[in-house]
Amino acid sequence: MERFVDLIHNKKTGRELSDTDIKNMVRGYCDGSIPDYQMSAMLMAICFNGLSDRELTTLTLAMRDSGQINDLSSIPGIKVDKHSTGGVGDKTTLIIGPIAAACGIPIAKMSGRGLGFTGGTIDKLESIPGFRTDLSTEDFFHAVQHTGICLNGQTGELAPADKMIYALRDVTATVDSIPLIAASIMSKKLAAGSDKILLDVTTGNGAFIKDYQQSLELAHKMVTIGTKAGKNTVAQLTSMDEPLGFAIGNNLEVKEAIHALHGDGPKDLMDVCYCLASHMISLGKEISVEEARMLAEDAIHSGRAWNTFLAMVQEQGGDISYMEHPERLPQAAVIYEYKAARSGYITAMDTEGFGTVAGILGAGRSRKEDNIDVSAGIVLCHKVNDHVTEGDTLACLHTSSLELAQAAAEKLEGCYQFGESPGEAIRLIGDVVV
């Protein structure tokens, strides 16, 4: 048996690791027989030299097999999971989950919390009074069987190796490795147990991966992993070169999702949601994306998606009166209007910067244990290529104090670029990888 230091050397010099070597590496790091400093060296070697498709799939499956694997076979139908690589204003799960479920696709989804500049689906759901995201396995299964959908929090029992390896990547500057990102995401998706997987790979200045070609590479790697693992997997690239929709922040995004479920959400949000929902329905019903699009639109226009959303909220303990009257949701103590300092066209937005500003206002967290203000955030009044006049309100900042609003407004100054004419149109929907 080779010493682990020899395996580090092999990867450092560009050689491939055997399946046995990779499985032993994951097992050894989890049981403590491989120390942090050696695993750190291996991660850096992978960062520089990458992984073959075989190595990557073996690593992902070893990470998946490090903990619990959900068995959803008792739930009738083809289960379709969805994952987004994250962004600002991304409330798509709250919308496309009910759309797909209303079309007969069982949605048994585990979601995470937000960290840094991206919002988390669980935080958004928990801004609904009473909504529970800590359901037991039994209650989780019952909810899917009863309402067709359950959006629950991730447990530490799913792919614990990923949690350990990610914590090490976070402090060794290896977070941005495409193969390691792919293994991290797909190990959890495969452990979650759905039959098919849709990946929303965001790209642009508000995504974790800003370069389009790198985003496309990530999409290809994740689809390859899913396919080799026996799961039909589709990846759709979507733009994050401006916030999605107008609302950024937890219950602000819930309110916008409610509008979208009634068919009157912002156009960019509706376009992305119809696109993603169509892929989910296509996978689940094994029909064309075009046929699935018609079903998705009908689910919205008929009210079935809205009724499914209400049933989900009620099943998970939420008070649906707040959904029927979203103006009753907690409102920020201070709503500060951020004004345009000049006239012209908004030619670009620093989307990640908007996420950072939302965090300053109280909508995000810099550490996992931080508390968030569910009513804090930003509501945009204008987007890229809109013309504004000096003094127009560009955005409303929702927060708990004037001091926080003013501090956030200072940061917001660098988030807008202006010009005398419109810039290039944003390509909202990118390539599909199958």
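Glu242 is buried, at 14% relative accessibility; buried means under 20% relative accessible area, exposed over 50%, and partly exposed in between, using a 1.4 Å probe and protein chains only. Its partner in a salt bridge is Lys383, at 4.0 Å from N to O. A salt bridge here is a side-chain nitrogen of Lys or Arg within 4 Å of a carboxyl oxygen of Asp or Glu.

This is a predicted model, in which local features need pLDDT of at least 70 and side-chain atom pairs count only at pLDDT 80 or more, while totals for chains, interfaces and linings use all residues. Residues are numbered from 1 along each chain as its sequence is written, and side-chain values use heavy atoms, with hydrogens and water left out.

**The Lys383 and Glu242 pair**

- Lys383 lies in the loop between strand S9 (377–380) and strand S10 (387–388), and Glu242 in the loop between strand S5 (232–239) and strand S6 (247–248), so the pair ties together parts that are 141 residues apart in sequence.
- Strands (E, at least two residues) and helices (H or I, at least four) are DSSP runs, numbered from the N terminus.
- Lys383 counts as buried, at 7% relative accessibility.

**Other salt bridges**

- The salt-bridge count comes to 21.
- Side chains of opposite charge can pair when their charged atoms come close.
- Arg293 pairs with Glu297 in a salt bridge, with the closest N and O atoms 2.7 Å apart.
- Both Arg293 and Glu297 sit in helix H13 (residues 289–301), four residues apart, or about one turn of the helix.
- Arg293 is partly exposed at 30% relative accessibility, and Glu297 is partly exposed with a relative accessible area of 27%.
- Arg64 and Asp65 form a salt bridge through their side chains, at 2.8 Å from N to O.
- Asp65 counts as partly exposed, at 44% relative accessibility.

**Around Thr202**

- Thr202 belongs to strand S4 (residues 196–203).
- Thr202 is buried, with a relative accessible area of 3%.
- The Thr202 side chain reaches the backbone oxygen of Gly86 at 2.5 Å.
- Contact means heavy atoms within 4.5 Å.
- Setting aside neighbours within four places in sequence, Thr202 is in contact with Ser84, Thr85, Gly86, Ala207, Ile209, Ser215, Thr238 and Met240.

Terms used:
A polar contact is a pair of N or O atoms within 3.5 Å; within protein, one must be able to donate a hydrogen and the other to accept it, and residues adjacent in sequence count only if both atoms are side-chain atoms.
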